[in-house]
Amino acid sequence: MNNRTLIDPQKFALHFAQTAVAKNVKNDELVKEAKKFLMGYLTAYYLVDDFNAIERQNFGKADAKKFEDMTFEELLDRVKELNKY
């Protein structure tokens, strides 16, 4: 992967701080919880990024039906096919 992932520190910190206050995180646990929060963020980010790449690869083919043109049954069959991997 050649692309760098950059996180807006201000937005991330604000969201973490709001979450920490809502969860009543103790001061001595802030670093540990921030690391868990960052790990969760990055895990979700890369999972979605991988999903989007697979989606573009499998639904973006010129000869493939567009998502919106598929019947529900065709979509289910396509998802089943993708889950084989």
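Student: How many aromatic pairs does the count come to in this structure?

Tutor: The count comes to five aromatic pairs, where rings of Phe, Tyr and Trp (its six-membered ring) pair if their centres lie within 6.5 Å, with planes under 30 degrees apart called stacked, over 60 edge-to-face and the rest tilted. This is a predicted model, in which local features need pLDDT of at least 70 and side-chain atom pairs count only at pLDDT 80 or more, while totals for chains, interfaces and linings use all residues. Residues are numbered from 1 along each chain as its sequence is written, and side-chain values use heavy atoms, with hydrogens and water left out.

Student: Where do Tyr41 and Tyr45 sit relative to one another?

Tutor: Both belong to helix H2 (residues 30–59), and because they are four residues apart there, about one helical turn separates them; a helix here is a DSSP run of H or I with at least four residues, and a strand a run of E with at least two, numbered from the N terminus.

Student: What makes the pair of Tyr45 and Tyr46 edge-to-face?

Tutor: The planes of Tyr45 and Tyr46 stand at 85 degrees with the ring centres 5.2 Å apart, so the pair is edge-to-face. Tyr41, Tyr45 and Tyr46 also belong to one aromatic cluster, together with Phe12, Phe16 and Phe37.

Student: How do you know whether Tyr41 is buried, exposed or partly exposed?

Tutor: Tyr41 has a relative accessible area of 36%, and since buried means under 20%, exposed over 50% and partly exposed in between (1.4 Å probe, protein chains only), Tyr41 is partly exposed. Tyr45, at 38%, counts as partly exposed, and Tyr46, at 29%, is partly exposed as well.

Student: Why is Asn24 called exposed?

Tutor: The relative accessible area of Asn24 is 65%, so this residue is on the exposed side of the cut-off. Asn24 is placed in the loop between helix H1 (9–22) and H2, and its phi is near 55 degrees, a positive value in a residue other than glycine.

Student: What makes the contact of Glu33 with Lys23 a salt bridge?

Tutor: A salt bridge requires a side-chain nitrogen of Lys or Arg within 4 Å of a carboxyl oxygen of Asp or Glu, and the closest N and O atoms of Glu33 and Lys23 are 3.7 Å apart, so the pair qualifies. Glu33 is in helix H2 and Lys23 in the loop between H1 and H2, ten residues apart, and the pair links distant parts of the chain. Glu33 is buried at 14% relative accessible area, whereas Lys23 is exposed at 53%.

Student: Which residues are joined with Glu33 into one network?

Tutor: Lys36 forms a salt bridge with Glu33, with the closest N and O atoms 3.3 Å apart. Salt bridges that share partners therefore join Lys23, Glu33 and Lys36 into one network.

Student: How many salt bridges does a search of the whole structure find?

Tutor: The search finds three salt bridges, one of them between Lys32 and Glu29 at 3.8 Å, N to O.
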